[in-house]
Amino acid sequence: MPELNLGRPGLSVLPLGVGDAFSAIHHPTCMLVSRYETPAWDNNLVLIDCPQSIRKMMREADDGRFHGLDLPRIDTLILTHLHADHASGLETLAAFFKIAVGRKPRLVALPEVLEGVPRFLEAIKSLGTVDDLFDVLPVTEGLGIELFPPVGGFNDGMVLRVKRTNHPIPTSALRIWDQGRQLAYSCDTAFDGNLWEWLWRGPDPKMSAPADLVVHEVGHGIHANYDDLKRQGRTEPEWGKKLRLIHYPDDMLPMLEASPFQLMREGKLEIV
Ligand SMILES: [Zn+2]
């Protein structure tokens, strides 16, 4: 009997939420990463951040296309930082896995972020400690960690690298390398030229491949300023094709929609 072809391997990212913390239009910023060109076939998904109503966010992004996206299909949660719009669903996720799934998801974050996780789980301490609820994997700046083993003849598996951003609490930007493709995500940050370079070209431009897709936040106040992004964006020959904005405030939406930038959209799959 011929082997079943369960989807084309690759790297894809599905935005579940694209708004900022105060949005009345969008869910808070959150993404699913798959090792396939569509998450339909992937039962070991990577979730980047976990706002509240995460199951409804997954269901809405699925919209009947991806074979029922739901928490049990998550293998790993990468937690960038502990602001509520990125972490308010942590308690629900932990309790759901413990009670309804019966498996520990992996939790990957900076050590300084992991230090703050117990207070998010205070209300469910009867279910156990952080280590009872998650397989905890700290990730430090400068050291890549392999999240999944190699597939399809590649020497390396899915590798995650992080870099701290300019934000009031410990926060990490990230790059995910898998199957020769590079996904970069700024997370929350004031605009930072060094971080911009790291996102596009990696920690060592001589050694690392340029990013195939850069997801960058934009916003007001402590967030990345639109004019800085516009100025920097124009220096990247490929920026129009490779850059996506996320975490946008409601009041910027009309301006952004008229701008040359491409926006991440909830449920719009991006193949890296
Ligand atoms: Zn934040």
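This is a predicted model: local features need pLDDT of at least 70, side-chain atom pairs count only at pLDDT 80 or more; totals for chains, interfaces and linings use all residues.
S12 stands opposite I271 of strand β14. Strand β1 (residues 9-17) and β14 are joined by 2 bridges and run antiparallel.

**The sheet that holds β1 and β14**

These two strands sit in an open sheet of 7 strands, ordered β6-β5-β4-β3-β2-β1-β14. Pairing in this sheet is mixed. Its edges are β6 (135-138) and β14 (270-271). Each edge strand has a single partner, so one side of each is left without a neighbour in the sheet. Helix α1 (residues 54-62) lies across β1 and β2 (30-36). The helix runs at about 120 degrees to β1.

**The other sheet**

Another open sheet of 7 strands has the order β7-β8-β9-β10-β11-β12-β13. Here too the pairing is mixed. Strands β7 (145-148) and β13 (262-263) form the edges, and each pairs on one side only.

Follow the order towards β13. Strand β11 (residues 213-217) pairs with β12 in the parallel sense, over 4 bridges. E217 stands opposite I246 in β12. Strand β12 (residues 243-246) then meets β13, also in parallel, through 2 bridges. In that step R244 has Q262 as its bridge partner. L245 has L263.

**Helix α8 and its two sides**

Which residues of helix α8 are buried? In this helix (residues 226-233), they are Y226, L229 and G233. They cover an arc of only 65 degrees around the axis, so they lie on the same side of α8. An α-helix has 3.6 residues a turn, so residues three or four places apart point the same way. D227 and R231 are exposed on the other side of α8. The buried residues pack against β11, α9 (239-242) and β12. Two of those elements, β11 and β12, are the parallel pair described above.

**The nonpolar core**

The largest nonpolar core has 73 residues. V33, C50, I78, A109, L183 and L199 touch the most other members. Helix α7 (residues 193-201) gives the most to this core, with 5 residues. Take V33 as an example. Leaving out residues up to four places away in sequence, V33 touches V13, L45, V46, I48, I176 and L183. L183 is itself among the residues that touch the most other core members.

The table gives their places and their counts of other C-beta atoms.

| Residue | Loop | C-beta atoms within 10 Å |
|---|---|---|
| I124 | between α5 (117-120) and α6 (130-133) | 16 |
| Q179 | between β9 (172-178) and β10 (181-185) | 18 |
| C187 | between β10 and α7 | 26 |

Why does C187 count as buried? It has 26 C-beta neighbours inside 10 Å, and the cut-off for a buried residue is 20 or more. Q179, with 18, is partly exposed. I124, with 16, is partly exposed as well.

Q179 and C187 also have backbone angles to note. Phi of Q179 is near 50 degrees, a positive value in a residue other than glycine. Phi of C187 is near 55 degrees, again positive in a residue other than glycine. Most residues other than glycine have a negative phi.

Leaving aside neighbours within four places in sequence, I124 is in contact with E91, A94 and A95. I124 and E91 are 33 residues apart along the chain. Their C-alpha atoms are separated by 7.2 Å.

**The chain as a whole**

The secondary structure of the protein chain comes to 10 helices and 14 strands. Its C-alpha atoms fill a box of roughly 50 × 50 × 40 Å, taken along the principal axes. The radius of gyration is 18 Å. A compact globule of 272 residues would have a value near 19 Å, so the chain agrees with that expectation. Of the 272 residues, 42% count as buried.

How much of the contact set joins residues at least 24 apart? Among contacts between residues at least 6 apart in sequence, the share is 63%.

Technical notes. Residues are numbered from 1 along each chain as its sequence is written. Two strands pair if DSSP finds at least two bridges between them. A nonpolar core is a set of buried Ala, Val, Leu, Ile, Met, Phe, Trp, Tyr and Cys residues joined through C-beta atoms within 7 Å. A residue is buried if 20 or more other C-beta atoms lie within 10 Å of its own, exposed if 12 or fewer, and partly exposed in between; C-beta atoms are placed from the backbone. Two residues are in contact if their C-beta atoms, placed from the backbone, lie within 7 Å. The radius of gyration is taken over C-alpha atoms; the globule rule is 2.2 Å times the number of residues to the power 0.38. The arc is that of the directions from the helix axis to the C-beta atoms. Axes are lines fitted to C-alpha atoms, for helices over the stretch in contact, and angles run from 0 to 180 degrees between N-to-C directions.
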